[in-house]
Amino acid sequence: MFASLRVRNYRLFFSGQVISNIGTWMQRIAQDWLVFTLSGNNPVALGIAVALQFLPTLMLSLWAGVLADRVDKRKLCIAIQSGIGVQALVLGLLDVSGVVTLWQVYLLCFVLGIFSSLDVPARQSFVAEMVGRKQITNAVALNSSVFNMARIVGPAIAGFAITWVGTGWMFLANAVSTLAVITGLLLMNPDKLFRGPAVARAKGQLREGLAYVRGRADLVSLMVLVFFVSTFGITFFTSLAIVAGNVFGTQADGYGLLSTLLAVGTFTGSLMAARRGVRGRPRVRLLLIAAFSLGAVEVVAAFMPTYLAFGIALIPLGFATITFLNTANSLVQTSVSPEMRGRVMGLYVLVLIGGNPIGGPMVGWMADTFGGRSPFYIGGTISAIAAVACAIVLARRGGMARPVQLAGLRVLSARGARAGRTRRAL
């Protein structure tokens, strides 16, 4: 389960992520609650904040993937983490001093979105450089376990701390936590990284990456599924605050508890993914089952009558969600050529996060028009339908092809090419 931790560079990265991700989730809870409070519990305002935070992904993630293929990813990650720390520091100082306004939060959400759009493609593709291709699946799952452990600890801390000291100190704590990641990156040995061939600066590299994906029907199908599930199904990270406040009438601690229960499921799912990661390549069948299960459980959760029943339903929902996300991430990283990994991950991040500028306001509008439960049953239904549709397409086209190393060249494996006839990948 912890095979990737044998690699010193990855241990340093992993240790920094443990601390930083707790701070990230403390800020996420505090930011949502601050917007909710400043706007008078307006769900549309919360949707706008989410949209502003993820809007830069639409503009920058593809170019961020090109940048990740061109430059030293370790140095790029250091610069990005420094920017994220400064953003948290500014927001914290404004909040603690009592002068923060809604437009300032909106602006800083947009600034954070810029850094995040650069961070995800660089960080995700850097994982392969730290551990090598054989350990990618395990390392991705361990990253997810850290992220979701932080989703248990961070919201639990933030939910109660906000009631004691306010939201501002959560932002300041996150600013300090970024130093852990930066320190780990600085202490790494660059000579021990599994770096792929350098991609020289040239015209048309973005188009080259898009053409690579367009030529892979399996990748196109996966990207479409990820877009629909992430845009319409995985909206509960935003809608939980609406459900906590407007449906069940709880305060910040009630919101934090719901986030923690969801994180129990995602943390358990990520640990299971880490176990699967040492047994071989992820399977497309698991991706499709997870996507359908996510949608089905989300619909069930929407109609839970009590706060406790709703919170318990979030545990299997979290499990299905992280299984889907980890499997999709691993399938992309293990099925593309190293020299294309940054650009493909940039596109993956675009379809994964790029729908949030649509999903954020959509959740607020649905909650305001149809009630706080509506984002769950509408999003869950769309996710389940998308899973069935993509299962049909992938069954006809042969699942995921796999690149292999042959005489120094990256080619698709014969097994992947024959999968359309045998359907063994499914």
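Mentor: A salt bridge here is a side-chain nitrogen of Lys or Arg within 4 Å of a carboxyl oxygen of Asp or Glu. The model is predicted, so local features need pLDDT of at least 70 and side-chain atom pairs count only at pLDDT 80 or more, while totals for chains, interfaces and linings use all residues. Residues are numbered from 1 along each chain as its sequence is written, and side-chain values use heavy atoms, with hydrogens and water left out.

Trainee: How many salt bridges does the rule give?

Mentor: Side chains of opposite charge can pair when their charged atoms come close. The count here is five salt bridges. One of them joins Arg28 and Asp32, at 3.3 Å from N to O.

Trainee: Where do Arg28 and Asp32 sit in helix 1?

Mentor: Helices are DSSP runs of H or I, at least four residues, numbered from the N terminus. Arg28 and Asp32 are four residues apart in helix 1 (residues 8-38), which means a separation of about one helical turn. Both Arg28 and Asp32 are buried (under 20% relative accessible area; exposed is over 50%, partly exposed in between, with a 1.4 Å probe and protein chains only).

Trainee: Is Asp119 buried or exposed?

Mentor: Asp119 has a relative accessible area of 6%, so Asp119 is buried. Its salt-bridge partner is Arg123, at 2.9 Å from N to O. Arg123 has 21% relative accessibility and therefore counts as partly exposed.

Trainee: How is an aromatic pair read?

Mentor: A pair of aromatic rings is described by the distance of the centres and the angle of the planes. Rings of Phe, Tyr and Trp (its six-membered ring) pair if their centres lie within 6.5 Å; planes under 30 degrees apart are stacked, over 60 edge-to-face, and the rest tilted.

Trainee: Which residues do ring pairs link into a cluster?

Mentor: The cluster links Phe248, Tyr307, Phe310 and Phe376.

Trainee: How do helix 11 and helix 15 cross?

Mentor: Axes are lines fitted to C-alpha atoms, for helices over the stretch in contact, and angles run from 0 to 180 degrees between N-to-C directions. The axes of helix 11 (residues 284-302) and helix 15 (residues 374-397) come within 7 Å and cross at roughly 160°. Therefore helix 11 is roughly antiparallel to helix 15 (over 145 degrees; under 35 is roughly parallel, 65 to 115 roughly perpendicular, the rest oblique).

Conventions
Helix = DSSP H or I, 4+ residues; strand = E, 2+ residues; numbered from the N terminus.
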